[in-house]
Amino acid sequence: MDGLRKTYGPVTAVDGVSFTVGEGEIFGIIGPNGAGKTTTVECLSGLRVPDSGAIRVLGLDPQADRAELRQCVGVQLQEGSLPPKIKVGEILELFASFYAHPADPGELMDALGLAGKRGSYFRRLSGGLKQRLSIALALVGGPRIAILDELTTGLDPQARQDTWQLIERVRDRGVSVVLVTHFMDEAEELCDRVMLITGGRVAALDTPAGLAGHAGGGTHMRFVPTGPFAGQVLAALPEVTALERQGERITVSGNGDLVSAVMRALMAAGVEARDVQVESPSLDDAYLRLTRAAGHDPQGALRP
């Protein structure tokens, strides 16, 4: 996607968004409510017509090549509904009939834990099972790319964990995933890279760890050594920016792979670290800092 722009009357929903997604990657899109996330993926999947900008998905134009694109891209929308009295097996077989080379509905139900619900009505499914069915419908066409929008909103913690495992299994099947989410822990857990959109523009794009680094403050490691050692052993490390002793407890601050560097240096000095505590900046911290810097309300970030 290069320079995507989309307006609705006087409102600019997306303003110059650009990014790429690699094969086999889980790519996350985060941002406040109304930031332009859903509009972006709807343009990506051909469901909306952009005002300007270039989009290519597997070499295809989502508008000019819409029919061909829909054979290789599966989409789970933020909002959707199915007839309450349709059965799980029926809806999967119906959707499979839309594709030239679909996945086997039976195998898909087995893989996603729906085999025992083949004859169940949609209305009787729990929230977690409905999300599993949404994933199954996005995958039944045998796509190379899956676009999943707000997949776990409203799910209980166990259902969210189950859904995360499903997404990782989807990627293991060779599918690239574009994941729109409000949950920072979800993005940290699943995504190879994350793009933060605020006010329709890209505020940051990096790995979750790299984006978390935008929060500043570095990493703090606290521990009690098993024996005495010279402070220079740690102070000389390039990852260490500060070292403080408080009684027998030592606090080391720094950046990069601080914990591993400290543990190696202590081992070389014949000392071990006990009662280790590590504080690192999180993606949630970066989200709040970057959205505030951009002048947008950060309350779109939900915490379970």
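Two strands count as paired if DSSP finds at least two bridges between them. Helices (H or I, at least four residues) and strands (E, at least two) are DSSP runs, numbered from the N terminus. This is a predicted model, where local features need pLDDT of at least 70, side-chain atom pairs count only at pLDDT 80 or more, and totals for chains, interfaces and linings use all residues. Residues are numbered from 1 along each chain as its sequence is written, and side-chain values use heavy atoms, leaving out hydrogens and water.

**First stop: the sheet.** Select the four strands of an open, antiparallel sheet, in the order β11-β12-β10-β13. β11 (240-246) and β13 (273-279) are at the edges with a single partner strand each, so one side of each has no neighbour in the sheet. Now pick β11 and β12 (residues 249-254), which pair antiparallel over six bridges. Click L243 to find its bridge partner in β12, V252.

**Next: the largest pocket.** A pocket is an open set of points on a 1 Å grid over the protein atoms alone, where a 1.4 Å probe fits, with protein on both sides within 12 Å along at least five of seven lines; lining residues have an atom within 4 Å of a point. Select V75, Q76, L77, G80 and F95, the closest to the centre among the 25 lining residues. Then colour α5 (127-139), which gives the most to this lining, with six residues.
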